[in-house]
Each structure stands twice: as structure tokens, then as C-alpha cells.
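Welcome to the tour! Open your viewer, switch to a cartoon display, and get ready to select a few pieces of the chain.

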Amino acid sequence: GAFLAGMHKKNKVACADCHGKSLTVDDNETALNKNCKGCHGGFKDLAAKTKGHINPHASHLGDTNCTACHKGHVASKAYCNYCHSFAMKIPAMGSEKESSDKKWVQETAREKKEAKSARTESADVVVIGAGGSGYVASISAHDAGAKVILLEKMPITGGNSMLAAGGINAARTRYQERLGMHDDPAEMVKETMKGGREKNDPELVKVLAYNSADAVDFLVSLGADMTDLVRSGGVAVDRTHRPVGGAAVGPHLIKVYRDNAAKRNLDVRVNSEVVQILSDGQGRVTGVQVRGKHSGLYTIKAKAVIDTAGGFAANNELVGFYKPQFKETASSNQPGATGEGVALAEKIGAKVIDMEQIQIHPTMGGETKVLISETVRGSGAILVNHAGKRFVNELTTRDKASAAILAQPEKSAFLVLGEEIRKSNVQIDGYIVLGLVQEADSVAALAAKMGVSADALAATVDAYNKAFAAKKDPEFQRQDLPRAINGPKYYSIWVKPGRHHTMGGVKINTEAQVIGKDGKAMTGFYAAGEVTGGVHGWNRLGGNAITDTVVFGRIAGNNAARYVKEA
Ligand code: MEZ
């Protein structure tokens, strides 16, 4: 035999040593992963062994199933390389050809054999999609007394929240007050509406803003650190809360959620794709049909279903359908962000809105799928074009910043920053490791590396530093000038806009109930997060996605649990 199974066999490892005595495999591949870790050590042990330029066992994906990368009977492939292109050698990758994406996808599809089963389970609440909203909804429903099953089609949990870099927007929090900052949820409403070009559902926006401080307290109660504050585009105060030192918010939150789910013994199933939401045909949901990677098709009967399956910015076909001009742009999303949650809901009568509103984030690293967080600009970096000049207020809304970059002849730009800005945002160290950052001892040397005029860049940096000193930016009216661009080292990052968030989706009301095509709330059916439309209008503000997942995830979870009790 080839692949890992063959390698194990050669080393006298029996099938049962990996699979367990019963030789059956559940969808979470529990025994396999337990046995992998039993022989090879856990992520911590392995991280010590695989320490190097890029350490796959200490990545932002956290402690996941070994089997997400290491396959027994097909070619293995590092999950990281869904988004990156690391020259990473992992055991039993097979030949380059065998481990190519296409082959891997084919093999994975073959694993999804449809062993039909008549198995029927039951739960109070089924949650579709284990990203941020799914975890929050599940934890909330569980804590409100419901028996919950959380289903995730991908081999790891986390969704797009896992990749979230910036933070959570919240107004009038204890962290803002501690720093003497004044903020007001009414301002958050105004700015969110303005950023969304007034196309948002104002009632949903009010719910978002007035529950945002409580959402931060909820995260802190689960064990999260949200003490650091930074400015996001389109906002007049530091409202984006994140872990100390500016660490990426997503991996931190997903670890907190995974730990909380484990503490509660929540039933979380990966490799478990919902293929149908079941309903009585009268707008009442009755459960879901699931395709387990190993267990095949089965049914879960439930009184309530919460759709938290995320958006579709990773789905080229769907993006191309709604916005043909964006089809070829890179996506910052995780590979599972393909929009099935919207289709499943629509099929049973949900109303779907704003599907053509697809957000282009201004700064993705050059030709990569790596998002360069808006917080880099929030920490003080400027945007410079290929002529070495600023061309836009860096903290305008994303739609405007992206349009300004795409209006440049090269359709790309550079972020330029100095030492103090780098030190204020630990994520920049990550971009350095990924080889996305140019570094130089002087502005002139940096200009040479960027291929722009040294005189122009020097004049740009000088003018910006003067604006910083005067606390006034006459050229572009940037309001927040937190740091100057000073040495000893200067840095630049080549950036291009890329697909980041889909604002459209399933219509919900303020109770997170899914609205049917007839305009009425459907029974027992809730949704939260990127699968929904209406919260962000036609352009989402940076930092508002995590707020959306927590605020509406909590509402959906609590309301589903209450409905189950009353039904
Ligand atoms: O909310 C976001 O999408 C966000 C803050 C992203 C980022 O640039 O970090």
C-alpha cells in the first residue's frame, strides 16, 4: 500500500493500532487522532520537532485533527497550502502530481462515499457551521439548557473567524473607558450605516451596536483578552478591541471557543456536511440531513436549526455569477466559505438579500491569499502608490480605499511604515516571516527596493510625519495619526485588493429568526453571521464582522433554546 497506511504497515503498525479494535472511523476521526497523538506526540511535542521557518504545528489554525493534513489512504497535504504555497514536505505527500490540489480534491471526494444509513438522531438545536457565530450560538444555546449538535463540513473548525485579523468593534466598553475614551453606540449605528451606504437594516444595526459592549464582556467571560484598542476605517474613535500587542483576534477567539466547547462537552462534529434542512413545508424546520465523511447520510431531528454556515467569498463561481468583475480576484477566505448555507436556507423558503454586495478588502499581500490587516493602517501605516505618493485617506471605508488602489495604473500599492508602527502590531512580524515585507535602513533604500522614486517617497514620508506632528492631515484629512514613520528600520508591503466578505445572505429579524419569502419569520429557524444579509448593508466596516458573529450568535442561540423549551 501507498501513502501513510503503507508506511505504517512497513513499520509493523497494524490497522487496529491506528483505527482501534472496531476498525470503524467516526466523522471526527477520534480514534485515529488519539492514536496519532499517542505515538507521535501532541501538537506541542511536534511543534518542537518541526520548528523552522514556518512551523505547521504552531500555526494560527491551532490544535486541530492530525488527519486534516495527514491522510492514511490518499496523498497527504498540508492544510496550510489551501491558502499558502509553503514548500512544506510532509510524510506520504506522494509525488508532486499526486499531491496537487486537483488530485487531492478528487481523492477527498472519493472518501466521501455515500454509505446511506437510515440512522436518525435527535437534538434540541442543530447548528450548521463551526465558525465564530456557530460556536457562540452553540455555547449560548447549551448554556440556556438545550441539547446542541454543532456540524462543520470542513476537517477543522474555525471558519472565516479563524482568519480574522483585526478585532471586534464595540462601543462604550470598560476598556475604552479605562483609557478615558468616549464612545457611544449611537455613533456606532451612524458610522455602520454610513459605511454600509445606508443600505443596512437599521434595526439590525441598532441591535449590533447596543449589544456590542456586552458582546465583549461575554468574550471576556469565556476567557478572551480584548484589552487592546485600535482604529478601523470609517470610524472616528478607537473601537476595535483585540488581544494585547495587536495579536490577530481570530485564532485567539477560536481557541477560546474550542476550549469552552470542550469544557461543556459540546457535540461538535467535523467532516459533517449538511445537505438539506428539513422542514414541514409550512415554514417550520424539523431538522437536517447530514453527510458524514465516514458515516454517510443520516438525519438529525431537531426543533430548532441555526444556520451559521458563513459567506461565499471563496466560491469563484458564485462570486462570478453575482459580480463577474471580481471572479479573478484573490480571496482572503478559508476554503469552506462557499455559500451552501444560503442555498440550503433558500431551498426551504428563506428570503435572500444583497447577494451581489461583495466586499473587496484593500490590502491583501501582493499575489497571495494573505490578508494584511486593516489594523496595520490603524497602527499608522500609510498607503503609497508606485509613484511614491499617498493617494487616499488610509482610514476611509474599504470600498473607497479599494477603489482608490484599483484606480492606480498598476492596480496595486504599498503600505509604508516605520519601526514604532511595526512594534505596535505583532501581526507585522508574521508578514515578515511570510516574506511579504521589504525592510531597509533608510527611506531611500526602501524606495529602491520598492522600485519607486527615492525623492518622491522621502517627500511623502516627510509630509506625513509633519501631519503627525501637527495632528492634522491637510492632504487627505486622515483623522487618526497615531504614529510617525521613523527608523531605524523602514518597511513596505506590496498590496492588492481582494475578495473578503459577502454582505448578502439570508434575511433575519432582530431576534435572529430567518425571514421567509412571504416576509414572515420562519418557525424554529435562526441564522447569524456572514450567512445573513442586512447587518452590513453594501459595505462592512472592519471589526464589525466579529461583533456580528457574537451579538447575533448569542441572540440566535438563546432564542433557539427558548423556542425549544416553549414549543
Ligand atoms: O473586520 C475585518 O474584516 C478586519 C478588521 C480585517 C482586517 O483587515 O484585519
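Domain bounds here come from an automatic or database domain assignment. What you see is a predicted model, where local features need pLDDT of at least 70, side-chain atom pairs count only at pLDDT 80 or more, and totals for chains, interfaces and linings use all residues. Residues are numbered from 1 along each chain as its sequence is written.

**Stop 1: the domains.** Colour domain 1 (3-111), domain 2 (121-357 + 503-566) and domain 3 (359-499) separately. The C-alpha centres of domain 2 and domain 3 are 31 Å apart. Their contact takes 28 residues from domain 2 and 26 residues from domain 3, counting two residues as in contact if their C-beta atoms, placed from the backbone, lie within 7 Å.

**Stop 2: strand 9.** Now select residues 296-307, which make up strand 9. Strands (E, at least two residues) are DSSP runs, numbered from the N terminus, and two of them pair if DSSP finds at least two bridges between them.

- Finish by finding Y526 in strand 18, the bridge partner of I306.

Definitions and conventions: Helix = DSSP H or I, 4+ residues; strand = E, 2+ residues; numbered from the N terminus.
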